[in-house]
Every structure is written in C-alpha cells, then in structure tokens.
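Biologist: Can we walk through this one together? Start with the terms, then go to the strands.

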Amino acid sequence: MRTRLLLVLAVLGAVVVTAFAFPLAASMADARTREFVLSRDADLQRFTDLADGYARNGSPGLLFEEASAYHGLYGEAVAVVSTRGAAPYAVGTRLDDPAVAAAIGRALRNERSSGVELLTPWSPDTVVFAKPIGTGAQVNGAVVIVASTESTRSDILLGWAVIGVGFLAAVIGFGALALSVSRWVLRPLEEVSTRMQRLTKSLPFVAVGSGTPGSPSVPGRTGPPELRKLSAAFETMDSAVHTSAEAQRRLVADTAHQLRNPLAALQLRLDTLGPRVEEEGKKSHERAMGEAVRLEEILDDLLALSVAEAPRTKGGDGEETCVPHLVAVERADFWHETAAESGIEFRVDHDPAGLEALVSTGDLEQILDVLFDNICKYAGPGTTARISTGRSNSPEAGPGTVVIVSDDGTGVAPEELALITRRFYRGSSRGETPGAGGHPTGTGLGLSIVEALVDSNGGELLVRETPGGGLTVVMSFAAPAEQPAGRGGPAADNAQEAGA
C-alpha cells in the first residue's frame, strides 16, 4: 500500500509540476523571441531610412559608416541592394548566400518576413531579416540584416535550466511530501497491527495457522499488504480472545466441579464430627458448617454462571421460544411455599395474548428462580412481588416481549443499582437474613447469572428502583417474527417507563 500510495502521489506531483513547468518554459522562450525580433526590426527600420537616399540616387550618406559600426559592435551582417542602379553593398555577408538571396527576393516583392517563430536552444545560429526600401507602390531596393541568435538562445537555455532545476526540486519536494503523507496515513494501521500482535502474544492461548500476523498474504485475501496484515492480526487476536475466554470458562467450571468432591467430604466429616464436639466448640463447629454450605452455594453459582456465559448453539424454534406468562405461573407455583415461609406473596398478571419470546424455557426458568430466590431472601416479610409480561416496540431492536419482575420490599440503595449485577457484589441495603453461624446468605452471583442468561439470549436487562420502594427487573427479549407488534398490557407501560 505504501508503494502504491507513493507512486500515486509522486505521479500526481510530477503531473502538476509538469503542467506548470512546460508552459512557463514556452512562455519564457516566446517572450525572449519577441524581444529579439522587436530589437532587430528596430535596427532594420533604422537602416531602411538610411538606405533610402542611396537606393534612389546612390548617395550613401551615413549608411556605410553606420553599417560598418553595427557590424563591428554586434557582429551581425548588413546588406543593401537597389533597383535604381546603385551598386549593392554588403558587410559581413555575401549577396549570393542562399538565405540572404531568398530574403532579398521576398523584400523586393514587398514581402516583409523574418521567418522567426519561436527560438529554442537548438534553433539556427542566424536569422535573416529583410525589409523593402520605398513605399508599397514603389520598391527602390531592400535592406537585409543577418542577426545572430546566440545570445538569445543562451538566455533561453539558461532560463530553461533554471526552470528544470525548479522542476526537479518540486518533484523531489513532492516525493518527500508523498513519503511523509504515506507514513502519516499508514502509521495508525501499523500501530494497531503491532498492538494487536502484542495483545495476542500476551494471551495464554494463541491459535497458530492461517491468518497469523506474520503472514499478510493469506490465500483468498486481497487488498494492500498493510491492510491484509492488519486483518490477519485481528483474526488471530479474535481467535485467541475467544479461545482464552472459552478456556477461562472451562477452568471456572472444571475448578468448581472438582472442588465439589472434597467439599462434600468436608461436609460429611463435619456432620460426623458434630455429636462429638464439646459444648465450648459447638459455636465454631456451626460456623464451619455455615461456611461449608456457603462455599457449596458459591460453587453451584459459579457452575451456573459458566454455563450461562457459554456460547449458545441455535437449535429449533421449540428450543428457543417460550411463553413467559406460562413459565412465570409455573415458577411462582413452585416457589409458593418458600415465599409463604418468608412472608412473600407472588402475583402473576394475566396475559390473554399469550405472548412469546425468543428465550429458551430452561433459561427463563433459571432467571426467574434466581429473582424469586433473591426476593425471598432480601425483600423482607410483607412484600408483594409482581410478574408481568407485555409487548414492546423499540425503534432499534423492533418488536419484542418484556418480562418484568418487581417487588415493594426493602430494595437497594440508588447508588448501588448499577453495581448489583457485578460478580460477588452484595448491596449493603438488602434485608439479608443471617444464615448458619450468623453469616449473611447469598453469593453475590445471582444477578450476574441473570445478566449472562439474558445476554446469551439476545435480550436486554434493566434494574431500577420500584416507585415507593423495592426493586424492579425489566428483561426485554426479541419476539418471534410472526408475532404482531403492539401494546400488551401493563408490562408494556412499565417497560416504557423503565426506558424513559
């Protein structure tokens, strides 16, 4: 790309400079030629006036003296012929010279012509100027000047040399400018490619093969080498990032899975040890049991999170589409007893339209289980949780289905709303119930799992404060293509308020 860019800029610069240099050279030669012709025409007129008396009556007057002086001073020949019987006169030339004879013939025919159009460094050494003596009706003779072009040709050559030097300087300047511009244009591409290579090398897993940064000429890829190299570096980095992310997910899942066995053995030993613990050690034993249970919950949530973040392979429509209202009714019924023990009431709004959403039934069940579990743990007694569904019509995403889970419980502090989906973050304003050993329950991974599941299904998650207190979770999923867009009950109104 750099070579092509340099070639284009250099050719463009040469064309621009040439477009100025050649007309300038031609204009300079033309001006010098006109100056030369005007000077010799003035001299010719002077000698014509002096030769008029000589041609008519043979009286030379100052003619011979002026002609000799002119020849001695400028080295240019002068000749005079008469049609009235006066003897021809010539100084510095011969009348039988073909060029002189031809010029005299033209002048005697009353044809005034010097034959000079444009002088160049390679023009003839002399130019013959001729002019008739007398009037247009009576030609008494002719005057001829054989003018030397050496001085004029030297001036033109010198001017052209100056123009040539300027031309070369301009071309070199354009070349330097083209080189600077090409470096300026391509430097960001080179920096991006270099940084991509460094980032790729810093990752633990680098895919080796076609498309490596050092192989810009990949079969099937066309374009400038710099862009091909950048494309290859990006492909390698993309592959390495995906491989590293997948390896990280596998590591988390494998680690959590491998820790379950020793943890189960530890719990078994703690249970077995329970009856043998003396009174003063029972409190510590209970705390150890609570920590073991909490560790088990963390491992379960880590496994769930790794599964939620794993790339999904799209299957049939039956695996990707569900009716959120039916799933919500089923999960609310499942959590009914647990909610009753915590003083929580679940209400599922009716959805007569039976709206569908592009989210798998299993994923939506897991999402609702996490949200219902959080409500039971943290919302506090006397809380009412409401689950509703409706339509949405986003200008960017198009028609969709909204699932909203809201409660009027303790909620979280407003400044923590943007933080509660972070891994292991637990809001300070939650109404947590102490677990075994006096430690708060929960792992801080629940909403992270919800966010990962919503994202993996192409949805959007919004967490906001419920008016009057509590927490509202809004989940927007795409709707099947055959489902018409429109308003769909209170959930649609809530979604619009959440978006506002």
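Modeller: Two strands pair if DSSP finds at least two bridges between them. Helices (H or I, at least four residues) and strands (E, at least two) are DSSP runs, numbered from the N terminus. This is a predicted model, where local features need pLDDT of at least 70, side-chain atom pairs count only at pLDDT 80 or more, and totals for chains, interfaces and linings use all residues. Residues are numbered from 1 along each chain as its sequence is written, and side-chain values use heavy atoms, with hydrogens and water left out.

Biologist: Fine. In which sense do β1 and β4 pair, and over how many bridges?
Modeller: Antiparallel, over six bridges. V80 stands opposite V143 in β4.

Biologist: Which residues make up β1, and how many of them are buried?
Modeller: β1 covers residues 77-82, and six of the six are buried, so the rest of the structure largely encloses this strand. Buried means under 20% relative accessible area, exposed over 50%, partly exposed in between (1.4 Å probe, protein chains only).

Biologist: Which residues sit on each side of β1?
Modeller: A77, A79 and V81 are on one side, V78, V80 and S82 on the other. Both faces are covered. In a regular strand the side chains alternate between the two faces of the sheet.

Biologist: What about β1 and β2? How many bridges there?
Modeller: Three, again in the antiparallel sense, with β2 at residues 89-91. V78 has V91 as its bridge partner in β2. The two strands form a hairpin with six residues between them, where G85 takes a positive phi near 100°.

Biologist: Back to β4. Is V144 buried or exposed?
Modeller: Buried, at 2% relative accessible area. V144 belongs to β4, residues 139-148.

Biologist: What does V144 touch, neighbours within four places in sequence aside?
Modeller: With contact meaning heavy atoms within 4.5 Å, V144 reaches L44, A77, V78, A79, V100, I104, V128, F129 and A130. V80 is 64 residues away in sequence, yet the C-alpha to C-alpha distance to V144 is 6.4 Å.

Biologist: And A107? Where does A107 lie?
Modeller: In helix α3, residues 98-108. A107 counts as buried because its relative accessibility is 0%. Leaving aside neighbours within four places in sequence, A107 contacts A130, K131, P132, V139 and A142.

Biologist: New topic: the cores. How many residues are in the largest nonpolar core?
Modeller: 43. A nonpolar core is a set of buried Ala, Val, Leu, Ile, Met, Phe, Trp, Tyr and Cys residues joined through side-chain atoms within 4.5 Å. F346, I367, L371, F372, V405, M475 and F477 have the most contacts inside this core. α10 gives the largest share, nine residues.

Biologist: What is in contact with F477, leaving aside its neighbours within four places in sequence?
Modeller: A357, L358, V359, I367, G400, T401, V403, V454, N457 and G459. Another core, of 26 residues, lies apart from the largest one, with F47, Y70, A86 and V143 among its members.

Biologist: What about β9? How many of its residues are buried?
Modeller: Six of eight. β9 pairs with β8 (residues 460-465) in the antiparallel sense over six bridges. E465 stands opposite L471 in β9. Five residues separate the strands of this hairpin, and G468 in the turn has a positive phi of about 95°.

Biologist: Which residues lie nearest the centre of the largest cavity?
Modeller: N374, I375, Y378, D407 and L471, out of 14 lining residues. α10 supplies the largest share of that lining, five residues.

Biologist: And the second largest pocket: what volume?
Modeller: About 340 Å³. Its lining has 22 residues, with D301, D373, N374, T443 and G446 nearest the centre. α10 gives the largest share here, seven residues.

Key:
1 Å grid on protein atoms, 1.4 Å probe; cavity = no way out; pocket = protein on both sides within 12 Å on 5 of 7 lines; lining within 4 Å. Points joined across faces, edges and corners; volume = space filled by probe spheres on them.
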